[in-house]
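Please read the following report alongside the sequence and the coordinates.

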Amino acid sequence: MASADRHPRLHLGRGGSVRIRALKDGELLYMAVPRMASLQPFFLLDPETLELPAEQAAEKKGAAQIARRVGVEDMRPIDVVICGSVAVNRSGARIGKGAGYSDLEVELLTEEMVIVAPVHQLQVVDEEIPETEHDFSVDLIVTSDEVIECPNRRRPHGLVWNDLTAEKIEAIPALTARAQRGE
């Protein structure tokens with residue numbers, strides 16, 4: 001999964017311990033700004049220039065203090081996305097918190113990447129999980145007991161503007177800018 005340059009680039013949603021481990025391993029990280037409330041909706045954490053210990057930098061408060069904010073156009077290609085999930089099934093369908101921010105983050109990145117859901121074994125369900133046009137699936141589920149490869153890779157093809165309310169578009173500057181450009 002590593003790319004040719006310095007080290008892999010990761011976009012990490014929830015999962016502080018995963019972020020800490022990645023920083024300690026020297027990985028370049030991107031974390032979403034809470035509620036994506038900025039034209040530069042991602043924090044860049046470079047382990048080579050951290051001014052806080054990894055444990056503090058990996059938390060929202062620490063990242064907000066020290067990380068540089070970047071826009072999608074300023075990000076290096078992403079190799080792996082770590083995606084918080086409430087539940088996942090073995091085909092890769094997931095349930096998030098319901099606000100749709102993870103779907104938007106992944107859609108803004110629009111590149112080939114591996115999406116991983118680190119969850120507790122109890123969060124892996126056998127039931128079908130309903131999916132909509134804007135939902136993505138995960139490629140790997142990681143629990144303390146197993147790594148599950150998910151066969152049904154699913155990625156949206158562009159933002160599903162009809163699923164977004166005017167209020168949501170207004171609240172996320174990166175979406176407002178795209179709407180104004182007619183993307």
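## Confidence of the model

The average pLDDT of the protein, where pLDDT is the predictor's confidence in each residue from 0 to 100, is 86, and 90% of the residues score at least 70. Over residues 1-15 pLDDT stays under 50, although the model has 59 contacts beyond four places in sequence for this stretch, a contact being heavy atoms within 4.5 Å. Where pLDDT is low, the predicted coordinates should not be read in detail.

This is a predicted model, in which local features need pLDDT of at least 70 and side-chain atom pairs count only at pLDDT 80 or more, while totals for chains, interfaces and linings use all residues. Residues are numbered from 1 along each chain as its sequence is written, and side-chain values use heavy atoms, with hydrogens and water left out.

## An open sheet

Three strands form an open sheet of mixed pairing in the order 7-6-9; strands (E, at least two residues) are DSSP runs numbered from the N terminus, and two of them pair if DSSP finds at least two bridges between them. Strand 7 (94-95) and strand 9 (124-125) stand at the edges with a single partner strand each, so one side of each is left without a neighbour in the sheet.

Strand 6 (residues 87-89) runs parallel to strand 9 and is joined to it by two bridges, with Val88 opposite Val124 in strand 9.

## Positive phi in a loop

Arg35, in the loop between strand 2 (28-32) and strand 3 (42-45), has a positive phi of about 60° although it is not a glycine. Met36 lies in the loop between strand 2 and strand 3, and its phi, near 55°, is positive too. Most residues other than glycine have a negative phi.

Technical notes. Helix = DSSP H or I, 4+ residues; strand = E, 2+ residues; numbered from the N terminus.
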